[in-house]
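Take a look at the sequence and the 3D structure, and then we'll walk through the parts together.

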Amino acid sequence: MNDIIDKYLQYIKLELNLSSHTQVAYGNDLRQWEQFLTGGKDSLDVASVTTSDIRAWLIELSGNGDGASTLRRKVQAVRSFYKWLMRNGVVTSSPAASVELARLPKRLPQQVRESSIDALLESDVDESDFVAVRNRLIVMMLYETGMRRAELLDLLDKNVDTSKGELKVHGKRDKDRIIPFGTELALWIEKYRVLRESQARGCEHFFVLDNGKPLYPMLVYRVVRQQLGEAGVSSKRSPHVLRHSFATAMLNHGAAINSVKELLGHESLATTQIYTHVTFSELKNNYKLAHPRALKKGG
């Protein structure tokens, strides 16, 4: 069956253009599923698999500690695989179609308070130090544009236009979008570019190491974690938290939800709407802290 899994993975890579992370995850999930059903000794007859087989696999995974999000992804991997098999005439039905997805706990996205971000971005930095300026700009750009870490890593120098106050990012599913930015960020971009040219000329990528090579994901994570830690942020500190903070700040200050959706590059408005729950939660908390009647206990 590995041959057919490989063909399927080629399909999701070349035709569906799923991310490399999803390709690896789906490949691992399907091979784990095959191992469960065959014990690794026999080839799997995909047409003989039943819904009960899949449920038994999920029960074992749950017993081994896999959480709801992991179980959902594994079911989605098998569903997608069978849709492809049906499309290619290998099977006539999918045993995964009637398997219910595990319910995810409702979690509101975490964000950093505006006051903490303001304190960080207004603190002193050695403007002659390439790494210091670059690291400050990484945090500024994530927070002030809402881009994803992967989009920041892929950002090209030619796509950052300080005269227009716009940058173009290459997002999920090969979709580009334009994000505007303000004069403060434009000034820091120019400071960074001057220092970068003294380190490594003619860089294709906007953000680079001091040797001119592109940044890597873990470095960006470490930079954000360190910078937010220095600002006294004790909660989760990651690039994605800055994206959440961008969305929450925009909505708190009156931005239309459709505008925030476009800036974030969301496919569906439903994905963006979770931030309205965050802002309402913040509103309720402020009310409880500020209104004298809210503080009174009943009875």
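Let's start with two helices that meet: the axes of H6 and H10 come within 7 Å and cross at roughly 40°. (Axes are lines fitted to C-alpha atoms, for helices over the stretch in contact, and angles run from 0 to 180 degrees between N-to-C directions.) That angle makes H6 oblique to H10, since angles under 35 degrees count as roughly parallel, over 145 as roughly antiparallel, 65 to 115 as roughly perpendicular and the rest as oblique.

Who does the touching? On the H6 side you'll find Val 139, Leu 142, Tyr 143, Glu 144 and Thr 145, and they meet Pro 239, Leu 242, Ser 245, Phe 246 and Ala 249 in H10. Contact here means heavy atoms within 4.5 Å. Sorted by type, the residues of this contact come out as 7 nonpolar, 2 polar and 1 charged. For that sorting, Ala, Val, Leu, Ile, Met, Phe, Trp, Tyr, Cys and Pro count as nonpolar, Asp, Glu, Lys and Arg as charged, and the others, Gly among them, as polar.

A word on what you're looking at: this is a predicted model, in which local features need pLDDT of at least 70, side-chain atom pairs count only at pLDDT 80 or more, and totals for chains, interfaces and linings use all residues. Residues are numbered from 1 along each chain as its sequence is written, and side-chain values use heavy atoms, with hydrogens and water left out.

Now the overall picture. The chain has 12 helices and 3 strands; helices (H or I, at least four residues) and strands (E, at least two) are DSSP runs, numbered from the N terminus. Of its 299 residues, 40% are buried, where buried means under 20% relative accessible area, exposed over 50%, and partly exposed in between (1.4 Å probe, protein chains only).

H6 also turns up in the largest nonpolar core, which has 51 residues and takes its largest share, 9 residues, from H6. A nonpolar core is a set of buried Ala, Val, Leu, Ile, Met, Phe, Trp, Tyr and Cys residues joined through side-chain atoms within 4.5 Å. The members that touch the most others are Leu 137, Ile 138, Met 141, Leu 167, Phe 206 and Phe 207. Take Phe 206: not counting residues up to four places away in sequence, its contacts include Leu 137, Met 141, Ile 189 and Tyr 192. There's a second, separate core too, with 27 residues, among them Leu 18, Leu 44, Trp 57 and Leu 58.

Back in H10 sits Thr 248. Thr 248 is buried, at a relative accessible area of 4%. Its C-alpha atom is separated by 5.9 Å from that of Tyr 275, 27 residues apart along the chain.

What about the strands? They form an open sheet of 3 strands in the order E1-E2-E3, with antiparallel pairing. Two strands pair if DSSP finds at least two bridges between them. E1 (160-161) and E3 (176-180) are the edge strands, each pairing on one side only. Here are the two pairings side by side:

| Strands | Bridges | Residues between them | Turn residue with positive phi |
|---|---|---|---|
| E1 and E2 | 2 bridges | 4 residues | Gly 165, about 65° |
| E2 and E3 | 5 bridges | 5 residues | Arg 173, about 55° |

Both pairs form hairpins. Glu 166 is the bridge partner of Asp 161, and Glu 166 also stands opposite Pro 180 in E3. E2 has a covered face with Leu 167 and Val 169, while Glu 166, Lys 168 and His 170 are on the uncovered one.

Finally, have a look towards the start of the chain. Asn 17 lies in the loop between H1 (2-14) and H2, and counts as partly exposed at 30% relative accessibility. Most residues other than glycine have a negative phi. Asn 17, however, has a positive phi, near 55°. In H2 (residues 20-38) you'll find Gln 23, which counts as buried at 18% relative accessibility. Leaving aside its neighbours within four places in sequence, Gln 23 is in contact with Leu 9, Ile 12, Lys 13 and Leu 18.
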